[in-house]
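Welcome! Here is a friendly first tour for anyone opening this structure for the first time. Take a moment to look it over before reading on.

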Amino acid sequence: MTTTSISENRFKRFMRHVNIPPVYYFLVVIFLGGGILDQIFSDGQIFTNQAILLNIIVRSVALGIVAVGQTLVIVGASIDLSVAYTISITAVMSSYIMQGKTENVPLAILVVFGIGILIGLINGLIITKLRINSFIATLGTSLIIKGIINATFSNYTGSVPKSFQFFGYSTLGPIPVAIIVLILVVFAGWFLLNRTKFGAHLYGVGGNVEVGRLSGLRTDRVVIGAHILCSMSAVLTGLFLVSRLQSGAPWVGPDGLYDLESIATSVVGGTALAGGKGGVWGTLAGVLIFGVLDTVFNQLGMNPYLKTVLRGAIIVLAVASYTYRSKKEAA
Amino acid sequence: MTTTTLKQPSKILKILKAIWNGIRRIPAVYFIFFGIFIVLGLLSPTYQSTPGIMAFLRRTSPLAILAIGEMIVLSTGGYDLSIGSIVTMVVLGSSLLLNNDPTMMPTAIWTMLALGLLIGLVNGFVVSYLKIPSFIATLGMMLLVKGGALYWVGGAPRGYLTENWRAFGRGYFENVPLVDRFPYALAILLILALVTYFIYHRSNFGKQILAIGDNVRASQLSGVRVRLVRMIAFVISSLFAVIGGIMIGGFGGVNVTIGEGLEMQTIAACVVGGVLLGGGKGSVMNVVFGAFTMEAIFNLLNLLGLPKPYKDAVQGLIIIAAVAYVALSTRKKK
Amino acid sequence: MTEEQKQKDEKTANRIEPLLEVQSISKRFPGVVALDNVSLKFMPGEIHAVVGENGAGKSTLMKILAGAYIPDTGSILLKGEKVTFSHPQQAQHKGITIIYQEFNLLPDRTVAYNIFLGREPSKFGIIDIRKMNKDAEDLLREIGVEKMISPTAMVSSLSVAEQQLVEIAKAISFNAKVLIMDEPTAALTYTEVKLLLDLVVKLKENGMAVIFISHRLVEVFDFAEKITVLKDGQLVGTVNVTEVKPEDVVHMMVGRSLDHYFPPLGKPEDFGEVVLKVTNASNKFLKDISFELRKGEVLGIAGLQGSGRTEMAQAVFGVEPFTTGSVELRGKAMIIKNPATAIKNRIGFVTEDRKSEGILPKQPIRDNMLLTVRAIQFVFGPIFKNGIRKTKNLVPNLGKQVDVRTDSYDREVQYLSGGNQQKVVLAKWLASDADIFIFDEPTRGIDVEAKASIHDMIRDLTKKGIAVLMISSELPEIIGMSDRVLVMWDGHIEGELPAKSSEPEIMLMATGGKHIKEPQSVSAAGKE
């Protein structure tokens, strides 16, 4: 008797410690539901075929990496609409510099991360120093980046060497490198938010700027830092995409809707748009929900436009699953 | 003697000060707009002539209508990101419905307005009753409407818009005194702006919208039916997007990307027009001029012969600059 | 007190060096002198209350001590050493910490993260969470609340009092020698106040100087040793608690004595028929509520925090309606399912929290005043009330009625003083033609002068035949204003008392009659 109650307590304490965001239940439901539909209407590969399972995750890598960065920014009560074009500029710049040659890879990586850091810095500076609403500020910078890329490149440009496709396609043992990278990025995001001063200060600034200021935080620097990290995550997504596409085109970012979908996955994962609350594990679940949906839709051979419709509906339902009980009015 | 001589300059100073105070009270958007428009006029004689100005106003009317609708939602403290998709839906859907038959126009218009009403109601319901932040709710709706419209027409534009439909966007009243040709689009804008002006600035509804954006809890406790008001706000925004879409259809061809990015452009126009993101402040007149400013910026960039990509970049820069200017000038007043 | 004794006192006082001293400090803001040549000494191991009306300069003084404001002239001496602060953090590091009325905690973070925000124990930017939690636990143990509050608990899961204790733990973590508290007990229940004040006494015994601002004189008299009175930015004087009576302090604050506080109670012939009758009504917070409210009377609702006072007002007003039982309005059975219905039936509700529930800060006075009327009229129509002419004069008339001081009704309410904001809120309800008024803590956080004018206004309402339901946690206000008193306890009405009942009578009921307290703490509880 006593032993069970103790272990129960321990289990409860463990659960509380791990603090599983409720969105994971939603993920499980979607996965099981999708799998069952697949069993009934299709070949039932989702439950049985390991390759499909892995594919769900690989599909989620691009969105997942940038969504982690977006989560950091949203925790800091800011938002970044410029990630889509940051992804594009990374894709075209890196493949342009690489020109299919392995020896150009380091230079390309250096340059695109440089660009990413610069974009994040500018976003952060406009938001903190000019005190412009982050929505408008990053909308502005995203237009600027869009203009610059479209003026410079109009189609697939350059190419990446075989060696660089390693990132997108090869596996370490049975596990694709891309998945390892995604896990590393999520883990890094978690570590940053929960184990470092920067993370603690980001929650502080996002939760209440005034409290942060009174506690002596350099609030502007924290926000700028979050924006730089977010842009860098977009750069990483861009590199992943270009390694899979083998050549960069200016439309890879906006076509993937990475700006709005990274925000949506963060919110689906329980990060509050108002800031100060949430984390990357929830975001990962949000991203996986999208991945599972894509796979299920593909398995069922669904019309691509209907997929978009369902995506929209699922975003709303996922967020509704934990907001509808709240007493506070949403705006 | 001395007293009078002393008094007079002080009187002049006072008048100057009063004028200065009056000027300072003029919202920044007018300075920005007329500044740009004067440059336009200097660069091209078209913008000095009445037909040129009328053509400019015709082009900019749809954006102004979208912006007025968006302002209503922004004033409640929310966002409506679905309006771009609504425009796409209107253009694609009505070209399918019209099927080159001008007599189908009323059916098409009523169908689109009904769809707009439905979208607005769903947006309002999701935000009010499911308590989802409107940014996410209308983002979901944006995907839903866009996907739905493409699914409806089968992925590619089908049919085209009849001439009587396109007239809403591009037609003119002929032989109008003073201006000769007066665009339908501008007339529609004027009517809608006037109606919205009374609704927004003079009616109980408008004041309740601002009240909600300012302090939801206090509004609720003062008897404001927050959910009802919010639903109406989203409905107005969607309906205006439908009307804007009908007019936009008159310009470009039938095109699956026609509404893309319009929601962002519209929000930018609102912010340039002094609307506070987060709610509680706005003005129909200023927002109309915010939209005019955006269009003037595009025209200026066109005139300067910049290719489209550069236009995006400069537009981005100008949005940031305009908002910074608006923000700085209002902060000084406090 | 003889001259000799006084000198003797001063000598003993001089022997211990003051921990903190301000010398002829002045601070001006555009248009006002907030502090005018104020000099004060704070001793170690002393609880020092600072009292005064709103606008007397208390907050300015505290903010100067805490480094949030820089004084125009004068100096601050800490242990005899001159110090200047340009940022609150500098004051904190020197051991002066302030706890504001509005908490400076992050609700969605743990206790430990909050205590150490900005000072997390870390190596290379990586936080040593174990050490941080342990340090936090040690701090909580130091103030004796380690069993109540876990360092890993979310702040949002704590009660207001517990959050205050976290603030104190945070203050101690700075090795605070001077602790400044701004209205620390405003939102606490009886037991919580006791816990807090016991803790303050303990801190004092450890040699800390505790300075606290309060509007509640009873509390000041129970716990402080010295009282400093400020008025219009000037020092009126510092007195020892043992040597003065509350009336003397009030006299110092306003230049008049306590008796003038309240207008005369209503006479039996003023009371008319029953306008509101609630019978056996319940909801998830309330059990079996029955009472009657008559025209022309003030029905006081007393009770401790959490007894269901505000919930009852909200139920009557339709915010959180009754689910069972019946409500009769002016003789007719009625279901009030939302505030709009309540307003249509001419009920008004002046809420407790003006800032978050009362005003629309960015809207002009005009629109604030007209909101209730607008809410119940045709949605798309213009405001229209009793003919065009009267509608046009509605705002100026309301303004005159409540005496709002402003140059224009187009001024945004956020730029008005607290008292004027409260008047705008009152006008909003007058506009709705309410004849049943619910006041929830009508004078919380308002200075003595404005309090009196609000009390007068409430009494004037009843003279016009309006029925008033007045919730208050201040027993003197309940006793001074009520023609009858309902006492609430644990979600139901414990009993009814006649006008002019005594504080102990009310308190006995408000604590359920179960816990009988010694008189002193009873009065403290009344002040919550």
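Predicted model: local features only at pLDDT ≥ 70, side-chain atom pairs only at ≥ 80, totals over all residues.

**Where chains A and B meet**
- Chain A puts 42 residues into this contact, and chain B puts in 46 residues.
- On the side of chain A that touches chain B, the elements giving two or more residues are helix H7 (134–152), helix H14 (258–268) and helix H16 (304–323) of chain A.
- That side of chain A consists of 26 nonpolar, ten polar and six charged residues.

**Where chains C and A meet**
- Here 14 residues come from chain C and 16 residues from chain A.
- Two elements of chain C, helix H3 (88–93) and strand S8 (126–127), each supply at least two residues of the side that touches chain A.
- Sorted by class, the side of chain C that touches chain A holds six nonpolar, five polar and three charged residues.

**The domains of chain C**
- Chain C is split into domain 1 (3–95 + 176–257), domain 2 (104–174), domain 3 (262–346 + 435–526) and domain 4 (360–433).
- Between the C-alpha centres of domain 2 and domain 3 of chain C there are 39 Å.

**A pair of helices in chain C**
- Helix H5 (residues 129–142) and helix H6 (residues 160–173) of chain C have axes that come within 9 Å and cross at roughly 105°.
- An angle of 65 to 115 degrees counts as roughly perpendicular, so H5(C) is roughly perpendicular to H6(C).
- From H5(C), the contact is made by C:Leu139, C:Leu140 and C:Glu142, while H6(C) brings C:Ala169, C:Ile172 and C:Ser173.
- In terms of class, this contact of H5(C) with H6(C) has four nonpolar residues, one polar and one charged.

**The largest nonpolar core**
- This core has 367 residues, and A:Ile289 and C:Val468 touch the most other members.
- Helix H12 (residues 219–245) of chain A gives the most to the core, with 15 residues.
- Beyond its neighbours within four places in sequence, C:Val468 is in contact with C:Val298, C:Leu299, C:Phe437, C:Phe439, C:Ile458, C:Leu461 and C:Thr462.

**A closer look at B:Met264**
- You can find B:Met264 in helix H12 (residues 262–272) of chain B.
- B:Met264 counts as buried because 20 other C-beta atoms lie within 10 Å, and the cut-off for buried is 20 or more.
- Although B:Met264 and B:Ile83 are 181 residues apart along the chain, their C-alpha atoms are separated by 9.5 Å.

Note on methods: Residues numbered from 1 in each chain as written. Chains lettered and ligands numbered in written order. Axes fitted to C-alpha atoms, helices over the stretch in contact; angles between N-to-C directions. Helix = DSSP H or I, 4+ residues; strand = E, 2+ residues; numbered from the N terminus. Parallel < 35°, antiparallel > 145°, perpendicular 65-115°, else oblique. Contact = placed C-beta atoms within 7 Å. Nonpolar A, V, L, I, M, F, W, Y, C, P; charged D, E, K, R; others polar. Core = buried A, V, L, I, M, F, W, Y, C linked by C-beta atoms within 7 Å. Buried ≥ 20, exposed ≤ 12 C-beta atoms within 10 Å, placed from the backbone. Domains from an automatic or database assignment.
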